[in-house]
Amino acid sequence: MKTVMKCPCGSNKDLELCCQTIIDGQVADASAEQLMRSRYTAYAQKNCAYIFNTYAKCKQPDNPLSEIQDWAKQCQWLKLEIIKPSQSRADNNQYQFVEFKASYLTNHEVWQMHECSRFVKEDGNWRYLDGDIKYHNRLKLVTGNEQCPCGSPRKYKRCCLNSQ
């Protein structure tokens, strides 16, 4: 029997019916928000090729695959919260903006980044162009006897500590 996994993007949908279909190329993203959610899921999966390929072409040289891989190895993504979904500017439908908060665990610390991302339409597909980071803060240091920040009911030392 196949285990059903919820999508990391926070949609409460099954992964196979949500972002995985976009990541696998079965369906195209219909909005910048869908692309943003699928990129978050790809970060959670450490699918670095997808992350690289969904940068705008002009940004790919500034974000080499090796750097994406290094960053992915360091982080365990915990939660995505969409603050403002896809919005186009009235003067130009080529761009959409998504404001979000993303939390992750690295070096036994929980961090949160709040960003307003800008996406551009290239060859009929949405691509991540850049973002305005509102803040990027360390929220807390996690100790072994605390509940694991991944959401598991287990203590950190019995759950995600060894993956750090």
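Guide: Gladly! The second largest pocket holds about 200 Å³ of space, and please keep in mind that this is a predicted model. Its lining is made up of Lys-6, Cys-7, Pro-8, Gly-10, Tyr-40, Ala-44, Gln-76, Trp-77, Leu-78, Lys-79, Leu-80 and Cys-150. Two elements give two or more residues each to this lining, namely H2 and strand E1, which spans 76–89. E1 is the main contributor, with five residues. Sorted by class, the lining of the second largest pocket comes to eight nonpolar, two polar and two charged residues.

Now to the largest pocket. Its volume is about 540 Å³. There are 24 residues in the lining of the largest pocket, and those closest to its centre are Arg-39, Tyr-43, Tyr-55, Met-113 and Tyr-128. Helix H2 (32–45), helix H4 (65–74), E2, strand E3 (109–122) and E4 each give two or more residues to this lining. The largest share, five residues, comes from E4. As for classes, the lining of the largest pocket contains 15 nonpolar residues, along with four polar and five charged ones.

Gln-96 sits in E2, which runs over residues 92–106. With a relative accessibility of 12%, Gln-96 counts as buried, because the limit for that label is under 20%. A polar atom of the Gln-96 side chain lies 2.9 Å from the backbone nitrogen of Ala-32.

One last stop takes us past E4. Lys-157 is found in the segment that follows this strand, whose residues are 125–141. Here the relative accessibility is 36%, so Lys-157 counts as partly exposed. Setting aside neighbours within four places in sequence, Lys-157 is in contact with Gly-144 and Asn-145. With Asn-145 there is also a polar contact, made side chain to side chain at 2.7 Å. Glu-146 is eleven residues from Lys-157 in sequence, and their C-alpha atoms are 8.0 Å apart in space.

How values were computed: Residues are numbered from 1 along each chain as its sequence is written. This is a predicted model: local features need pLDDT of at least 70, side-chain atom pairs count only at pLDDT 80 or more; totals for chains, interfaces and linings use all residues. Side-chain values use heavy atoms; hydrogens and water are left out. Helices (H or I, at least four residues) and strands (E, at least two) are DSSP runs, numbered from the N terminus. Buried means under 20% relative accessible area, exposed over 50%, partly exposed in between (1.4 Å probe, protein chains only). Contact means heavy atoms within 4.5 Å. A polar contact is a pair of N or O atoms within 3.5 Å; within protein, one must be able to donate a hydrogen and the other to accept it, and residues adjacent in sequence count only if both atoms are side-chain atoms. On a 1 Å grid over the protein atoms alone, a cavity is a set of points where a 1.4 Å probe fits but cannot get out, and a pocket is an open set with protein on both sides within 12 Å along at least five of seven lines; lining residues have an atom within 4 Å of a point. Grid points are joined across faces, edges and corners, and a volume is the space filled by probe spheres set on the points. Ala, Val, Leu, Ile, Met, Phe, Trp, Tyr, Cys and Pro count as nonpolar, Asp, Glu, Lys and Arg as charged, and the others, Gly among them, as polar.
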